[in-house]
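Please read it alongside the sequence and the structure shown here.

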There are 2 protein chains.
Amino acid sequence: MLPKFDVLTDEQINKIHKNSLKILQEIGVEFSYDPAIEVLKKHGQRVEGHRVFFDPDFVEEMVEKAPAEFTLHARNPEHNLVCGGESIIYMPGYGAPFVYDADGGKRDATMADYDNFVKLAGASKNMHMTGGTVVEPTDVEDEIRHLKMAYSHIINSDKCFMGSSSGYEHARDSIELTALLHGGLDVIKEKPALICLINSVTPLKYDDRMLGGLMAYAETGQAMVIASLVMAGSTGPATMAGALSLQNAEVLAGITLAQCVNPGTPVVYGSTSAITDMSTGSLSIGNPENALFTSASAQFSRFYGVPCRGGGGLTDAKTVDAQAGYESMMVLFATSTTGVNFVLHTAGILQYYMAMSYEKFMVDDEIAGMILRYLDGFDCDSDEKMAYDVIEKVGPGGHFLTQKHTRKNFKTEFFKPQLSDRQSFDGWSKDSLDTNQRAKLKWQEVLANYTPPELDPAVKEKIEAFIANRSKELLK
Amino acid sequence: MLPKFDVLTDEQINKIHKNSLKILQEIGVEFSYDPAIEVLKKHGQRVEGHRVFFDPDFVEEMVEKAPAEFTLHARNPEHNLVCGGESIIYMPGYGAPFVYDADGGKRDATMADYDNFVKLAGASKNMHMTGGTVVEPTDVEDEIRHLKMAYSHIINSDKCFMGSSSGYEHARDSIELTALLHGGLDVIKEKPALICLINSVTPLKYDDRMLGGLMAYAETGQAMVIASLVMAGSTGPATMAGALSLQNAEVLAGITLAQCVNPGTPVVYGSTSAITDMSTGSLSIGNPENALFTSASAQFSRFYGVPCRGGGGLTDAKTVDAQAGYESMMVLFATSTTGVNFVLHTAGILQYYMAMSYEKFMVDDEIAGMILRYLDGFDCDSDEKMAYDVIEKVGPGGHFLTQKHTRKNFKTEFFKPQLSDRQSFDGWSKDSLDTNQRAKLKWQEVLANYTPPELDPAVKEKIEAFIANRSKELLK
């Protein structure tokens with residue numbers, strides 16, 4: 001893993017940190033959930049109605065209680081993940097309501113799409129988790145969607161996944177299901193197995209749904225990402241330093257609450273801040289500002305001693321074209337080289353989170369593989385790798401293609417693309433497929449060949465019974 | 001400008017450096033040009049035939065004579081460029097024989113293409129130079145091609161450009177022409193105005209054409225990039241550390257010769273090393289290994305105290321698709337964040353240097369602009385930028401869109417794309433143009449609106465007379 005690089009000076013970090021604490025203390029944050037207000041009041045914070053004014057020292061003291069890293073446990077221990085430090089965790093896009101197809105078409109996402117994206121993530125060697133809410137399956141009733149989504153992750157893969165944070169009750173369902181998978185609530189309380197996404201409502205609010213989720217996860221020691229999405233220019237100031245200060249204040253408020261509920265709760269500092277495209281008024285995520293917010297957030301996470309979430313293969317494009325490629329690579333590369341640990345939205349996203357695309361998933365999977373190879377850097381550990389002997393043997397004007405040293409090393413030293421075309425023009429022009437078209441063939445092949453890992457039938461039965469029972473209750 | 005980041009540890013740098021010196025001392029380098037052999041002999045290096053064995057201390061001593069940075073002078077002083085340190089210089093692709101069009105077609109490059117690419121670079125605010133050999137204009141006789149190419153740069157733009165290095169005589173022609181443009185050879189000897197590209201022949205050779213060029217530039221104090229392109233797996237070892245050692249040995253040999261000819265000659269450490277795609281046997285440049293070689297070379301340049309050349313918007317794609325986008329962004333982003341100063345091939349390249357594309361030029365120009373914005377980082381210098389007051393004014397749940405602060409700041413804080421689409425799906429689907437198609441409209445618009453800067457008629461006359469006279473001599 002390469003050294004991480006910084007986009008802010010120490011002086012800039014301090015200025016922004018102080019600006020955030022001043023915002024928390026003097027402007028305050030609104031929490032529209034009484035149990036959260038009660039917890040913060042009990043911990044001595046000044047409260048007016050639903051507005052909480054935070055004491056700066058208290059915030060710093062609470063943030064210190066959050067662990068610098070933690071392990072997220074998978075059904076298959078080979079897929080356990082350390083979150084924090086040098087680690088990087090990739091997973092698919094999150095929350096898109098639409099699916100865009102290779103020919104430029106658009107449709108609502110379904111549960112079948114959901115299963116497919118979980119399988120693609122399960123099959124990928126670059127995706128470390130299958131994520132959560134990989135699309136919004138609009139053909140499933142809202143009341144039980146969280147159960148169906150969890151079930152998809154449980155039966156289609158043995159990697160870690162994310163649970164619902166849509167209110168206290170749904171969050172508890174996700175936690176119960178995960179407990180059944182791992183052998184009980186006590187087991188996962190000891191060894192966290194679930195992580196969820198808690199978003200603020202910028203500027204300076206948290207709603208009751210998210211706060212319920214936060215409290216359910218914190219109470220049971222499960223992990224959570226606490227994220228702020230400042231749209232600089234609309235939900236936040238149009239200056240980068242101002243927007244970052246606002247984001248930072250919101251995330252600190254969330255982390256503080258989680259630590260009040262249960263000190264030591266594993267939290268991830270989450271940034272998804274980006275800009276408003278001022279000509280359309282919409283969110284824009286495939287840009288240098290997003291890359292900067294992400295890189296700066298990684299630095300703030302190191303400053304606060306907690307893992308970081310940010311970035312992904314992010315684009316504003318509507319089709320899998322050059323823009324989709326360069327925007328996604330910029331954001332994911334900046335994410336990965338500046339030290340983000342937890343990367344939601346690594347693969348599949350089009351049009352600022354509005355859509356997932358199967359083809360884009362395959363493109364981003366290739367991008368992720370390329371970046372992981374880059375992060376591996378140079379191996380200088382042996383004479384074999386330093387290659388003096390073979391250079392001497394070949395000498396000036398010679399050739400390495402037929403050397404044993406070459407055959408022995410190229411497979412481990414060189415990244416092997418799954419999607420990128422490296423042919424001559426003549427080779428390529430036999431079918432002239434662009435990446436979008438090649439990606440379509442590729443995902444169809446991967447899905448056709450995918451076999452989900454075995455799940456213990458007794459466990460499966462318990463999980464299905466739980467879901468059947470809860471569905472009846474929730475749909476009544 | 002952000003801090004540069006390292007991909008090698010100090011220990012790795014030292015190991016590779018020593019490996020290179022051992023290669024130079026014990027295996028040696030072939031120079032197929034007698035004047036170069038004479039110079040190196042005179043400086044006490046051991047020579048056998050055309051093979052030179054370098055003394056390690058002597059190499060280090062010579063490399064120390066190269067300046068850490070230098071200024072390249074343009075006809076328009078506003079376009080003067082510092083090369084070295086924190087600076088970054090972008091210019092178009094170099095040397096491609098073909099042009100690929102937006103519909104997947106391929107043709108030989110012409111002088112008309114040459115002029116067009118120089119104009120596009122002249123018009124771009126992200127290209128700092130118009131470069132050199134922006135394509136190989138195959139409709140111009142080889143003997144006088146260098147004159148026509150220089151003329152195109154001189155009349156179509158007032159930015160810096162590159163000269164021929166194809167043998168001593170052509171190199172002298174380029175230098176004479178540049179001297180006419182700047183008011184005499186004495187003027188440019190004092191203030192270098194021309195730079196050329198010197199390539200080794202890997203492994204461990206330099207040919208007479210390049211050595212003639214090197215010596216002509218060094219004698220007149222003009223600048224040069226000394227570059228090695230190791231194709232790991234074919235012209236070099238299949239290990240990254242071995243290939244980098246070989247590249248480093250070749251570049252050090254070239255720098256040493258240039259400093260022997262004229263101590264203090266401005267040289268740029270050039271890397272274009274990449275890998276061989278083992279399934280096709282061809283060069284592959286749009287990959288993490290290329291990005292690593294480039295990043296490592298920037299680090300070696302800092303180690304030796306000379307400016308660095310590397311990278312660009314590099315891809316193996318044959319059309320301007322997602323692959324072209326993600327590969328080009330990866331290499332140019334790694335190039336720009338790890339400290340490369342001089343970036344040949346920033347814009348236009350397709351299929352591992354084989355082709356230029358107008359559409360790709362526009363895509364890469366956008367990528368370059370995005371990266372330059374990223375490098376600008378955060379401005380935390382004023383209360384205005386920290387935005388506390390506007391955050392307080394808006395408060396929890398408010399909106400920033402209508403604030404004066406927003407209108408005042410967004411134009412300077414946010415990068416404004418020229419090519420990227422940020423519309424809704426419905427807006428985009430009115431014409432459903434992909435980036436390749438949009439880029440076609442864009443370059444046609446830029447060329448239609450381009451007016452070359454004025455050139456003093458007396459200077460123009462002298463330059464045209466020189467070219468006419470030399471053409472007669474060379475074609476006789």
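## Cavities

What volume does the largest cavity have? In this predicted model, the largest cavity has a volume of about 90 Å³, and the structure holds six cavities of 30 Å³ or more. A cavity here is a set of points, on a 1 Å grid over the protein atoms alone, where a 1.4 Å probe fits but cannot get out, and its lining residues have an atom within 4 Å of a point; grid points are joined across faces, edges and corners, and the volume is the space filled by probe spheres set on the points.

The largest cavity is lined by 14 residues, of which B:Met1, B:Lys4, B:Glu86, B:Ser336 and B:Gly339 are the closest to its centre. Sorted by class, that lining comprises six nonpolar, six polar and two charged residues, where Ala, Val, Leu, Ile, Met, Phe, Trp, Tyr, Cys and Pro count as nonpolar, Asp, Glu, Lys and Arg as charged, and the others, Gly among them, as polar.

## Basis and confidence

Residues are numbered from 1 along each chain as its sequence is written, while chains are lettered from A and ligands numbered from 1 in the order in which they are written. Because the model is predicted, local features need pLDDT of at least 70 and side-chain atom pairs count only at pLDDT 80 or more, whereas totals for chains, interfaces and linings use all residues; side-chain values use heavy atoms, with hydrogens and water left out.

For chain A the average pLDDT (the predictor's confidence in each residue, from 0 to 100) is 98, and 100% of the residues score at least 70. The model as a whole scores ipTM 0.98 and pTM 0.98.

Strands (E, at least two residues) and helices (H or I, at least four) are DSSP runs numbered from the N terminus, and two strands pair if DSSP finds at least two bridges between them. In chain A, four strands form an open sheet of mixed pairing in the order E2-E3-E1-E12. Strand E2 (46-48) and strand E12 (205-206) of chain A stand at its edges, each with a single partner strand, so one side of each is left without a neighbour in the sheet. Strand E1 (residues 29-31) of chain A pairs with E12(A) in the parallel sense over two bridges, and A:Glu30 stands opposite A:Lys205 there.

Another open sheet of four strands in chain A, also mixed, has the order E8-E7-E21-E20, with strand E8 (106-108) and strand E20 (349-350) at the edges, each pairing on one side only. Within this sheet, strand E7 (residues 98-100) runs parallel to strand E21 (residues 355-356), joined by two bridges, and A:Val99 faces A:Met356.

## An enclosed strand in chain B

Five of the six residues of strand E11 (residues 194-199) of chain B are buried (under 20% relative accessible area, with a 1.4 Å probe and protein chains only), so E11(B) is largely enclosed by the rest of the structure. Strand E10 (residues 160-162) of chain B runs parallel to E11(B) and is joined to it by two bridges, B:Met162 standing opposite B:Ile195. Five bridges join E11(B) to strand E13 (residues 223-228) of chain B, again in parallel, and here B:Asn199 has B:Ala227 as its bridge partner.

The domain assignment, which is automatic or taken from a database, divides chain A into domain 1 (63-376) and domain 2 (383-416), whose C-alpha centres lie 42 Å apart.

A:Asn409 lies in helix H15 (residues 404-413) of chain A and counts as buried, at 3% relative accessibility. Between A:Asn409 and A:His128 there are 281 residues of sequence separation and 26 Å in space, C-alpha to C-alpha.

Terms used: Buried means under 20% relative accessible area, exposed over 50%, partly exposed in between (1.4 Å probe, protein chains only). On a 1 Å grid over the protein atoms alone, a cavity is a set of points where a 1.4 Å probe fits but cannot get out, and a pocket is an open set with protein on both sides within 12 Å along at least five of seven lines; lining residues have an atom within 4 Å of a point.
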